[in-house]
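Visitor: I have a model open and would like to learn how to read it. Could you walk me through it?

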Amino acid sequence: MVEKKLKSAYEFTWKNMEVGNIITEPGNASARKTGDWRSNRPILDKEQCSKCAFCWIYCPDAAIKQEEDGYFVSDLYYCKGCGICANVCPKKAITMIEEVEE
Ligand code: SF4
Ligand code: SF4
């Protein structure tokens, strides 16, 4: 809460900000269905994929899992649709498509 009136924007620091989201326990991301945030989803073309694992390495949400056949597939329960996997894929095997209501 801003307790005193600020004279200029230069006086505003993080100490003046409202308390936001509070993480009360570490490692709780797996409990959140972050896939609901997605507006685009990655589609893998296995014909193009070389199983290099770049997408798995770069996914900021650790939402890509390797399946038994060796391919790396997005877990749509967690994937936020950022498109990084599609951007780093050297084979252009991942295409982002618009999410549709199911
Ligand atoms: S779109 Fe983003 S969050 Fe989803 S699998 Fe690709 S890199 Fe991960
Ligand atoms: S980065 Fe592309 S080629 Fe490499 S494993 Fe992922 S989808 Fe396959």
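**Reading the model**

Guide: Start with burial: a residue is buried if 20 or more other C-beta atoms lie within 10 Å of its own, exposed if 12 or fewer, and partly exposed in between, with C-beta atoms placed from the backbone. Here buried residues make up 14% of the 102 residues in the chain. Keep in mind that this is a predicted model, where local features need pLDDT of at least 70, side-chain atom pairs count only at pLDDT 80 or more, and totals for chains, interfaces and linings use all residues. Residues are numbered from 1 along each chain as its sequence is written, while chains are lettered from A and ligands numbered from 1 in the order in which they are written.

Visitor: In what order do the elements of the chain run from the N terminus on?

Guide: Elements are DSSP runs, numbered from the N terminus: helices are H or I with at least four residues, strands E with at least two. This chain has two helices and four strands, in the order β-α-β-β-α-β. The radius of gyration is 20 Å, well over the 13 Å that the globule rule gives for 102 residues, so the chain is more spread out than a compact globule. That radius is taken over C-alpha atoms, and the rule is 2.2 Å times the number of residues to the power 0.38.

Visitor: Which residues does Thr 95 touch, leaving out those up to four places away in sequence?

Guide: A contact means C-beta atoms, placed from the backbone, within 7 Å. Thr 95, in strand β4 (residues 94–98), touches Ile 43 and Ala 86. Ile 43 is 52 residues away along the chain, yet the two C-alpha atoms are separated by 5.2 Å. Thr 95 counts as partly exposed because it has 15 C-beta neighbours inside 10 Å.

Visitor: What is the phi of Lys 51, and what is that of Ala 53?

Guide: Most residues other than glycine have a negative phi. Lys 51, though, has a positive phi of about 60°, and Ala 53 has one of about 80°. Lys 51 sits in the loop between β1 (40–44) and α1 (54–58), and Ala 53 lies in the loop between β1 and α1. Lys 51 is partly exposed, with 13 other C-beta atoms within 10 Å; Ala 53, with 12, is exposed.

Visitor: Which residues come nearest to ligand 1?

Guide: A residue is near a molecule if its C-beta atom, placed from the backbone, lies within 6 Å of it. Of the 13 residues around ligand 1, the nearest are Cys 59, Ser 74, Cys 79, Cys 82 and Cys 85.

Methods:
Two residues are in contact if their C-beta atoms, placed from the backbone, lie within 7 Å.
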